[in-house]
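Subject: Structure handover

Hello,

Here is the structure for your work. My notes on it follow.

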Amino acid sequence: MRQVRIALIGLGNVGKAFLQLMIDKETLLREQYGLSLILTAAADSSGNLIDDRGIDPAALLSHKQGGRGVAAFEGGQAGLSSPNVVAQAPADLMLEASPVNLQTGQPGLDCARTAIDRGMGVILANKGPLVHDY
């Protein structure tokens with residue numbers, strides 16, 4: 001079984017939809033592709049959570065749907081910037097889905113650079129950082 005550890009930056013509509021896909025497609029990915037996705041970091045505007053053992057996507061999704069931020073999730077904390085979460089996350093892949101500042105491309109631009117510097121795969125749900133730094 002191949003494991004892919006994921007850092008999810010941004011838990012708005014796109015981030016929550018990704019969590020739902022992780023839940024819905026878990027069996028298919030495991031049985032047809034021998035693949036296991038493990039969420040090891042998550043961040044939203046309230047804070048972050050990093051756990052190398054894995055974060056339960058269903059529990060985090062339920063928490064977010066209840067209107068609560070990651071900082072209030074068990075093990076969550078406030079204060080660490082998204083690029084710092086990426087720098088510390090035990091992850092192979094970063095999915096960046098946070099809102100973008102169109103003047104600066106942040107925080108997605110710094111998250112992408114940090115992930116690339118660490119050798120992570122990068123998925124940008126928002127293309128603003130790429131357009132800004134093209």
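Two strands count as paired if DSSP finds at least two bridges between them. Helices (H or I, at least four residues) and strands (E, at least two) are DSSP runs, numbered from the N terminus.

On sources: this is a predicted model, where local features need pLDDT of at least 70 and side-chain atom pairs count only at pLDDT 80 or more, while totals for chains, interfaces and linings use all residues. Residues are numbered from 1 along each chain as its sequence is written, and side-chain values use heavy atoms, with hydrogens and water left out.

**The sheet**

Five strands make an open sheet. Their order is S3-S2-S1-S4-S5, with mixed pairing. Strand S3 (47-50) and S5 are at the edges, each with a single partner strand, so one side of each has no neighbour in the sheet. From one strand to the next, the twist averages 25°. Angles run from 0 to 180 degrees between N-to-C directions, and axes are lines fitted to C-alpha atoms, for helices over the stretch in contact.

S2 (residues 35-44) pairs with S1 in the parallel sense, over eight bridges. Here Ile-6 stands opposite Leu-39 in S2. S2 and S3 run antiparallel and are joined by four bridges. Ala-41 faces Ile-50 in S3 as its opposite residue. Two residues lie between S2 and S3, and the two strands form a hairpin.

**Helix H5**

H5 covers residues 108-117. Its buried residues (under 20% relative accessible area; exposed is over 50%, partly exposed in between; 1.4 Å probe, protein chains only) are Gly-108, Leu-109, Cys-111, Ala-112, Thr-114 and Ala-115. They pack against strands S1 (2-9), S4 (93-96) and S5 (121-124), and against helices H4 (82-88) and H6 (128-133). Contact here means heavy atoms within 4.5 Å. After H5 comes Gly-119, with a positive phi near 85°.

Asn-48 is in strand S3. How buried is Asn-48? Its relative accessible area is 1%, so Asn-48 counts as buried. Not counting residues up to four places away in sequence, Asn-48 touches Ala-42, Ala-43, Val-70, Gly-76, Gln-77, Leu-80 and Val-85.

Val-85 is in helix H4. Val-85 is buried too, at 0% relative accessibility. Leaving aside neighbours within four places in sequence, Val-85 contacts Ile-9, Ala-41, Ala-43, Asn-48, Ile-50 and Leu-80. Val-85 and Gly-12 are 73 residues apart in sequence. In space they are 17 Å apart, C-alpha to C-alpha.

**The largest pocket**

A pocket, on a 1 Å grid over the protein atoms alone, is an open set of points where a 1.4 Å probe fits, with protein on both sides within 12 Å along at least five of seven lines; lining residues have an atom within 4 Å of a point. Volume is the space filled by probe spheres set on the points, and grid points are joined across faces, edges and corners.

The largest pocket holds about 230 Å³ of space. It is lined by 15 residues. Closest to its centre are Met-22, Glu-26, Ser-36, Leu-37 and Pro-57. Helix H1 (13-24), helix H2 (26-33) and S2 each give two or more residues to the lining. S2 gives the largest share, five residues. By class, the lining has 10 nonpolar, two polar and three charged residues. Nonpolar means Ala, Val, Leu, Ile, Met, Phe, Trp, Tyr, Cys and Pro; charged means Asp, Glu, Lys and Arg; the others, Gly among them, are polar.

Best wishes
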